[in-house]
Amino acid sequence: PWLEPGELVSYHCRRHWIVFVRAISFSTLFFAGFAALVIWLTLRSALHSYGFVIPAVLLYSLLLAWHWTNWRNDYFAVTNYRITHRERVAFLYESRSEAPIDRVQNIQVVTGFLGQLLHFGDLTIETAAEMGSMLFDHIPWPERMREAIWKQLARAQAARRAVQRQLIREALATH
């Protein structure tokens, strides 16, 4: 719904799955510790009812669903007109940062050791737009997005040169 008429998405991605794993790691470790405690108490016959286990499982499931939805709500996209990043937290806020594709000046990819192993990294896009630079963090295969941006920038520049040539031809023809 945010696309303009004639605008086409050439590359789209979400943050790498490692972001979701990091978000749920603490609650997963806490729940695993709680489950181990329940099993230990049950084996020692100090606990005879699992009545409080069901609410804990339900709470953990809701927490997983929240983090999954939060991870799925964010995206990065490259179109033939612009690059955009949407950040959304359900019921709290939504933000979108974007820059025209023809304003891109430089793209820098940074990947750490884990990023090289799991194929994710950060993309810093420097623009001549009002926004300045944009950070696309933890994206999968950042080189693919960089290539998509350069390809769309080359297309935009070629289209602009074609229009300029046509305008020159028309001006010469009228004179």
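Leaving out neighbours within four places in sequence, Ile83 is in contact (heavy atoms within 4.5 Å) with Ala77, Val78, Ser97, Glu98, Ala99, Ile101, Val104, Ile125, Met134, Phe136 and Ile149. A word on the source: this is a predicted model, in which local features need pLDDT of at least 70 and side-chain atom pairs count only at pLDDT 80 or more, while totals for chains, interfaces and linings use all residues. Residues are numbered from 1 along each chain as its sequence is written, and side-chain values use heavy atoms, with hydrogens and water left out.

Ile83 also belongs to the largest nonpolar core, which has 19 residues; Ile83, Leu123, Ile125, Phe136, Met145 and Ile149 touch the most other members. Such a core is a set of buried Ala, Val, Leu, Ile, Met, Phe, Trp, Tyr and Cys residues joined through side-chain atoms within 4.5 Å. Among the elements that each supply at least two residues are strand S1 (9–13), strand S2 (75–79), strand S5 (104–110) and helix H4 (142–174). H4 gives the largest share, five residues. Helices (H or I, at least four residues) and strands (E, at least two) are DSSP runs, numbered from the N terminus. In soluble globular proteins, nonpolar side chains tend to be buried together.

Now to the strands S6 and S7. They run antiparallel and are joined by six bridges; strands pair if DSSP finds at least two bridges between them. Thr124 has Leu135 in S7 as its bridge partner. The two strands form a hairpin with five residues between them, and Gly132 in the turn has a positive phi of about 90°. Six of the eight residues of S7 are buried.

Buried means under 20% relative accessible area, exposed over 50% and partly exposed in between (1.4 Å probe, protein chains only).

| Residue | Relative accessibility | Class |
|---|---|---|
| Ser97 | 19% | buried |
| Glu4 | 44% | partly exposed |
| Leu92 | 66% | exposed |

Ser97 lies in strand S4. Beyond residues up to four places away in sequence, Ser97 touches Ile83, Thr84, His85, Met131 and Met134.

Glu4 sits in the segment before S1. With sequence neighbours within four places set aside, Glu4 is in contact with Tyr81 and Arg82. Glu4 and Tyr81 are 77 residues apart along the chain, yet their C-alpha atoms are separated by 8.9 Å.

Leu92 is in the loop between strand S3 (82–89) and strand S4 (93–100).
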